[in-house]
Amino acid sequence: PAPQPTAAVTTEPSGLNTDRYASLAPSASQSRFELVSLKNDKISIQISTKGGHLHRATLNEFNKYASDQHIELWDTTNTMMNLNWKNGKGETVQSSELYFEPNVTQVDATSQKGEIRLKAKGISEGQYMEWVYTLEPNSYQVQCQLNIVGLENEVFNSPLELDWKLLGHTNEKGLQTERSKSSIFFHTPGEDRDYLSETGNDSETLEVPLHWVDLKQNYFSVAL
């Protein structure tokens, strides 16, 4: 099997106007971040403490075509995720500019449920934003929960916006076939799943809640 990237600690200048982050300013001013890992026998994920978002996800039991590298479902080269909201002055605040402190750095969920918590602390002890990632044994599904405590009046001044940009990975035999079988699938509660065209340009604007949205390639998919 291909070796998994090891956790790395990096320091970079913040360079932010932390006043925009109000009570979360202490987490926006930090400059140290690292990668933490959660895995079982089927999937391995890395999470960046910068933003608290997924950094990489690989399938442990499958390799890329004609390669000893594991199938990649997610990496920050092809994927960007952000949670955006407006502060009281109407300025955009982004979760990717916050630094989240993990409770652990490595968790193996092969034999029992594993969990990693990452917390962006506010000015007072009772204020924080927290990502919770959970993985069960023998499962491909990573559960993710966002907890916002003591910051409701700041974060919920405007609708939360999830910004997810994703490019497909080259994992399978035949790039053209892989591209021709790719599409966006989505599901709204109480309805059948729907999808965009696999053979041509297509788009759809939805103004109803979604149960899930998925990028499907030929054999492999990644969904939220």
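Trainee: Okay, which side chain does Lys 121 meet in a salt bridge?

Mentor: Lys 121 meets the side chain of Glu 101, at 3.4 Å from N to O. A salt bridge here is a side-chain nitrogen of Lys or Arg within 4 Å of a carboxyl oxygen of Asp or Glu. Before we go on: this is a predicted model, where local features need pLDDT of at least 70, side-chain atom pairs count only at pLDDT 80 or more, and totals for chains, interfaces and linings use all residues. Residues are numbered from 1 along each chain as its sequence is written, and side-chain values use heavy atoms, with hydrogens and water left out.

Trainee: Which strands do Lys 121 and Glu 101 lie in?

Mentor: Lys 121 is in strand S10 (residues 114–121) and Glu 101 in strand S8 (residues 101–102), so the pair ties together parts 20 residues apart in sequence. Helices (H or I, at least four residues) and strands (E, at least two) are DSSP runs, numbered from the N terminus.

Trainee: How exposed is Lys 121?

Mentor: Lys 121 is partly exposed, at 41% relative accessible area, and Glu 101 is partly exposed too, at 46%. The cut-offs are under 20% for buried, over 50% for exposed, and partly exposed in between, using a 1.4 Å probe and protein chains only.

Trainee: How many salt bridges does the count come to?

Mentor: Six, by that rule. Take Arg 117: its salt bridge with Glu 115 has the closest N and O atoms 2.9 Å apart. Arg 117 also forms one with Glu 130, at 3.1 Å. Shared partners join Glu 115, Arg 117 and Glu 130 into one network.

Trainee: Is Glu 130 buried or exposed?

Mentor: Glu 130 counts as buried, at 6% relative accessibility. Arg 117 is partly exposed at 31%, and Glu 115 is partly exposed, also with 31%.

Trainee: Switching to the sheet: what order do its four strands have?

Mentor: The open sheet runs S8-S10-S11-S12, with antiparallel pairing. S8 and S12 stand at the edges with a single partner strand each, so one side of each has no neighbour in the sheet. Two strands pair if DSSP finds at least two bridges between them.

Trainee: How many bridges join S11 to S12?

Mentor: Eight, and the two strands run antiparallel. As one example, Tyr 128 has Val 149 in S12 as its bridge partner.

Trainee: What about pockets? What volume does the largest pocket have?

Mentor: About 1,200 Å³. Its lining has 33 residues, and the closest to the centre are Val 142, Cys 144, Val 213, Ala 223 and Leu 224. On a 1 Å grid over the protein atoms alone, a pocket is an open set of points where a 1.4 Å probe fits, with protein on both sides within 12 Å along at least five of seven lines; lining residues have an atom within 4 Å of a point. Grid points are joined across faces, edges and corners, and the volume is the space filled by probe spheres set on them.

Trainee: Which strand gives the most to that lining?

Mentor: Strand S12 (residues 142–149), with five residues.
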